[in-house]
Amino acid sequence: VTGASFVVFNGALKTSSGFLAKSSIVEDGLMVQITRETMESLRQALRDKRDFKITCGEMDAGDVKEYVDICWVENEEKTNKG
């Protein structure tokens, strides 16, 4: 679990890169590089207020994966107020 001050979603990852998606810590935030197709799905999920999971890592890495979960919550009092 990583706490971040901001998240950047970059939809320019090429499918030929061999990665499903890539995540990296940038300063005090998180950058997630995703394909254009995943970006379109993410944008639709945000419009629909649906949870969304991005699987990061190499396509042929087997079981070793990282995940970026975007989750909608009912009770905002438990979230970061900053």
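This is a short chat about helix α1 and two loop residues, Thr35 and Met59, in a predicted model.

Me: How many residues does helix α1 have, and how far does it reach?
Reply: Helix α1 runs over residues 36-48, which makes 13 residues, and it reaches 18 Å from its first C-alpha to its last, close to the 18 Å expected at 1.5 Å a residue.

Me: Which residues in α1 are buried?
Reply: Met39, Leu42 and Ala45 are buried in α1, and because they cover an arc of only 125° around the axis, they sit on the same side of the helix. In general, an α-helix has 3.6 residues a turn, so residues three or four places apart point the same way.

Me: What do the buried ones pack against?
Reply: The buried residues of α1 pack against β1 (7-10), β4 (52-58) and β5 (66-70), while the face turned away from that buried side carries the exposed residues Arg36, Glu40 and Arg47.

Me: Where is Met59, then?
Reply: Met59 is in the loop between β4 and β5, and at 47% relative accessibility it counts as partly exposed. Beyond its neighbours within four places in sequence, Met59 is in contact with Thr15, Gly18, Phe19, Leu20 and Lys65.

Technical notes: Residues are numbered from 1 along each chain as its sequence is written. This is a predicted model: local features need pLDDT of at least 70, side-chain atom pairs count only at pLDDT 80 or more; totals for chains, interfaces and linings use all residues. Side-chain values use heavy atoms; hydrogens and water are left out. Helices (H or I, at least four residues) and strands (E, at least two) are DSSP runs, numbered from the N terminus. The expected span of a helix is 1.5 Å times one less than its number of residues. Buried means under 20% relative accessible area, exposed over 50%, partly exposed in between (1.4 Å probe, protein chains only). The arc is that of the directions from the helix axis to the C-beta atoms. Contact means heavy atoms within 4.5 Å.
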